[in-house]
Amino acid sequence: MDSALQRAADLLAQARLPVFGGLFTDVNGATAALALAQKLGGVIDHAASDGTCRAARVMRETGSTPASFGEVRNRADTVVLIGDHPRERDAELLQKLFPGETLPRPGDNKRELIVVGAKKGKVPTGVRTTEIGGKNTLPEVVALLAAATREMPFETRDAALGKKVLSAGKRLRESAFAVFVYDPAELEEPVLHTVLETVRHLVKTTRAATLSLSAPGNGEGVNLCSIWTCGLPVRTSFAGDVPENNMWAFEAERLLKSGEADALVWIDALDGAEAPPPTRAFRGIPSVVLSSKPVKAGRDDVVIEVGAAVADHDAEVYLPPISGIGAVKATSADSNKPTVADVLGKIGTLIDEKGAA
Amino acid sequence: MLIQLKGGRVIDPAHNRDAVGDIYLENGRIVEKPDGREPDEVHDVSSKIVMAGAIDVHSHIAGTNVTLGRQLMPELPLIAAAEGQPILPSTAQWGAYATGIRYAEMGYTTVIEPAMIPTHAIQAHKEMASIPIIDVAGLVVLGNDDYTLNLLRKGNVKSDELKDYVAWTLAHSKALGLKVINAGGSEAFKFNARTFDLDEEVPEYGVTSRGIVEAMQQVVADLGVPHPPHVHTNNLGIAGNVETAVATLEATQGHPIHLAHIQFYGYGKEGDKGFSSGAPALMEAINKHKNATVDVGQVLFGQTVTISGDVLRQFDGRRAANPKKWVINQAEGNGTGVVPYNYKKKSFVNALQWAIGLEIFLLAEDLWRVLFSTDHPNGALFTRYPEIFHLLMDRDERARWFDSLPEASRQVSGLAGISRELTLSELAIITRAAPAKVLGMTDRGHLAPGAVADVAVYTEQKNKTKMFAAADLVFKSGKVVVRKGNVVNISWGRCFHVDPGFDRQIEKRVHSFYDTYYGADPRWFGVTETFSDRPDRFATIRCAR
Ligand SMILES: [Zn+2]
């Protein structure tokens, strides 16, 4: 282990632009990765950051209107479910959003579900559901619904769809609390803007919000940690005098493919979630791999086995039911394996010692 | 190691001290001058000003709400720097690390985060633990949460259970005290109310805002929590709201209360524009209610972002967003509103707000009850405190600013008629001694033996902005952390909290509540001793009972 740490320190100390990718880790692991990236002038990115980055950029431009999972579950009278991702990510999502018992909620409407740009599928019993899709693409139906909500004219050749859209728009205006549920990884930026504009229109007269699904692999926890550390979300570079964020330029995979990055720290150490490896795997770029699973790596790569957060050690990670970072006890007591934070901390110390020598 | 600070002008209003003398530090504490022992280290501070480390009673430095603000406005430090505000043009400047550094450089050693969300206490504590040097504490927000409201439901008051619930929440989130933000107003917002007054009832629950605050005052008094309920009342920022603030004070019935950022409630509705200074009326009430303390929430001109759990008020305020973007986050309890704002010197209202804040300080009969704050970042960034100290201590400086305000604002402001200049001792009261007293942190805010060795040394200058922007020397727990305005040594502070006892039955009830309504386990958001790998991270402030 000690020699692996030393080799990792040597490898990283020589790097011109190391990129910290994967980042399937807990908040402590993210804190340590950010500290090391700042020390080395590297880049940080999370392996499931497409949606996070897109949502971050849209928010920076026009703001956001989030509701917590608990508020939606207890108080939304109309849930607009957009796309397939939300249910792919959590098969029980609708059961959770339509529980048997709720806190007092505004208005007298019966709770309703509107499924947009996806098949209705299995829905909770007793919940009136409308499917809006037909042969149109998701961006098209979202745009139609947005127009109908604002009572603006729209055209569609599908008369049945047109009727449904009109009535859905009316229902949204008459809702006491309408919430749009989506995964930002599934929606392009213009669609995200359309959804947010619709909410901002509705709140002039009633209550409305969005529930944006958090990224897998503690993507939201890592992102929040990055923001309180340096003021910016993931895909941030510490190579210059001040941190710089750019969702295109500092995407880990692009930096690896283009050869701009000359070292990779790959972190995959979270129970129940597997980081998709960068397409070129670890080949060609000197890599330090911290993983809780067996890893195929190149001969010169440094592989360090670490514990899986939540399984092997207690961890703080983003928990969707509380829409925030929570603490989870380890499922197994066996924790001889080091944590990501331990390992990165030690590598940092070795680099400091090397610098001082 | 015995350290001597030799020959400085020691200003310690807690002990009526303002005289040249020595201070001795050993093992992280201030000690008596030891007999027959030579100090190991002597700092010649002759002709310098020596004060206790400063304490900020209300500054939004950590947690979900602040990070939401950072997400919306990463460019805040860049805009502020371009305007000439004292902050470096880097997004990292309003990250956790820079926060500790900049506070320390100004001589601050303890800062209170006033709005921890119970279910997000973990994030607040994670962020606070990333802030170097300063000690911290959080106030936890209740009063718009369904558990509390259900207990206060009309005719359903089970005061013991509320007491247990508040105690459990304080302990579970490791908070120093209780914060109440627009009691009932955020909950009413969820039922589509867009205004909410002191005597309005929360839909479905029937309890009034006044009822919630009174119940919380009673509970906090019963639990013996040293810091009284820290209250952000209704109608913030609205013309004529001084009446609400005065009514809230009248309603306190002698129980202690702390009213936050009172400047935002100091508004009358006189004059052509229907907006006037309510400072004289407000200060008359505050001067009279001896159990009330306040912090001011001074505003300064320039770019900032407002971050508040008063989601109803922020929703209304979204129209004034500058730049034009805002966040309304609807969540358990209060939720959050984030609205960027630029206070303009040329604006009638903003100019008057600036003057009202200063009037409040300067009309205070008892500065022990009128504490310094800007409600960072809501009124101004904390990096600008020295400018405000300057305004309070130097009437020429005040006049210089005042003369550049719009004529209409000058005509209706009483500020020009106030010649008072705060003394160094008075400044030490509002930035050290009084916050410590109000928070129940008896080991700080003063320089008597036994106090923690948090000491700030300044070079006396006519220009108070310069004087307080960069301390000559700062000791944190007896170690030098700042020299000549620059941090020279990174240390990590402690986090203070109370731990009132409660009947363990409450744990089962709370568990069942979260399980039923949220599909969540309260242990997920409990802050435990093992939370930090720094062994002495947490310290308990004793409750009176
Ligand atoms: Zn505040």
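Visitor: Is B:Asp375 buried or exposed?

Guide: This is a predicted model, so read every value as computed from it. Burial is judged from relative accessible area, and under 20% counts as buried. B:Asp375 has 3% relative accessibility, so it counts as buried.

Visitor: Where in chain B is B:Asp375 placed?

Guide: B:Asp375 sits in the loop between S18 and H13 of chain B.

Visitor: Which protein donors does the zinc ion have?

Guide: Search by distance from the metal. The protein donors are B:His58 through NE2, B:His60 through NE2 and B:Asp375 through OD. They lie 2.0 to 2.1 Å from the zinc ion. Water is not among the atoms, so the site may look incomplete.

Visitor: What spacing do the donors of the zinc ion follow along the chain?

Guide: The pattern is H-x1-H-x314-D. B:His60 and B:Asp375 are 315 residues apart, and the pair links distant parts of the chain. B:His60 lies in the loop between strand S6 (54-56) and helix H1 (64-72) of chain B. B:Asp375 lies in the loop between strand S18 (370-371) and helix H13 (385-393). B:His60 is buried as well, with a relative accessible area of 7%.

Visitor: Which peptide bonds are cis?

Guide: Look at omega. One cis bond runs from B:Asn322 to B:Pro323, with omega near 0°. B:Pro323 is in the loop between helix H11 (311-317) and strand S16 (326-329) of chain B. Another cis bond joins B:His376 and B:Pro377, where omega is about 0°. B:Pro377 is found in the loop between S18 and H13 of chain B. B:Asp375 has its place in that loop too.

Visitor: What is the phi of B:Ser477, and where does B:Ser477 lie?

Guide: B:Ser477 has a positive phi of about 50°, although it is not a glycine. B:Ser477 lies in the loop between strand S20 (473-476) and strand S21 (479-483) of chain B. At 33% relative accessibility, B:Ser477 counts as partly exposed.

Visitor: How do H7(A) and H9(A) pack?

Guide: Two packed helices are described by the angle between their axes and the distance between the axes. Helix H7 (residues 138-149) and helix H9 (residues 189-202) of chain A pack at about 15°, with their axes 10 Å apart. H7(A) and H9(A) are therefore roughly parallel to each other. Their crossing is left-handed. Residues in contact include A:Val142 and A:Ala146 in H7(A), and A:Val195 and A:Leu202 in H9(A). The contact divides into 8 nonpolar, 4 polar and no charged residues.

Visitor: What is the packing angle of H2(A) and H12(A)?

Guide: Helix H2 (residues 27-40) and helix H12 (residues 340-356) of chain A pack at about 20°, with axes 8 Å apart. They are therefore roughly parallel. H2(A) passes H12(A) in a left-handed crossing. Among the residues that meet are A:Ala32, A:Leu36 and A:Lys39 in H2(A), with A:Leu344, A:Ile347 and A:Asp352 in H12(A). By class, this contact has 9 nonpolar, 3 polar and 2 charged residues.

Visitor: At what angle do H13(B) and H14(B) cross?

Guide: The axes of H13(B) and helix H14 (residues 395-402) cross at roughly 110° and come within 5 Å. These helices are therefore roughly perpendicular to each other. Residues of H13(B) that take part include B:Glu387 and B:Leu391, and those of H14(B) include B:Arg398 and B:Trp401. The contact divides into 4 nonpolar, 1 polar and 4 charged residues.

Visitor: Is B:Met283 buried or exposed?

Guide: B:Met283 counts as buried, at 1% relative accessibility. Its place is in helix H10 (residues 279-288) of chain B. Leaving out residues up to four places away in sequence, B:Met283 touches B:Ile360, B:Leu363, B:Ala364 and B:Val370.

Visitor: Is A:Ala91 buried or exposed?

Guide: A:Ala91 is exposed, with a relative accessible area of 68%. A:Ala91 lies in the loop between helix H5 (85-89) and helix H6 (93-97) of chain A.

Key:
Residues numbered from 1 in each chain as written. Chains lettered and ligands numbered in written order. Predicted model: local features only at pLDDT ≥ 70, side-chain atom pairs only at ≥ 80, totals over all residues. Heavy atoms only, no water. Axes fitted to C-alpha atoms, helices over the stretch in contact; angles between N-to-C directions. Helix = DSSP H or I, 4+ residues; strand = E, 2+ residues; numbered from the N terminus. Parallel < 35°, antiparallel > 145°, perpendicular 65-115°, else oblique. Left-handed = near helix turned anticlockwise from the far one by under 90°. Contact = heavy atoms within 4.5 Å. Nonpolar A, V, L, I, M, F, W, Y, C, P; charged D, E, K, R; others polar. Donors = N, O, S within 2.8 Å, 3.2 Å for Na, K, Ca; no water. Buried < 20%, exposed > 50% of the residue type's maximum accessible area, 1.4 Å probe, protein only.
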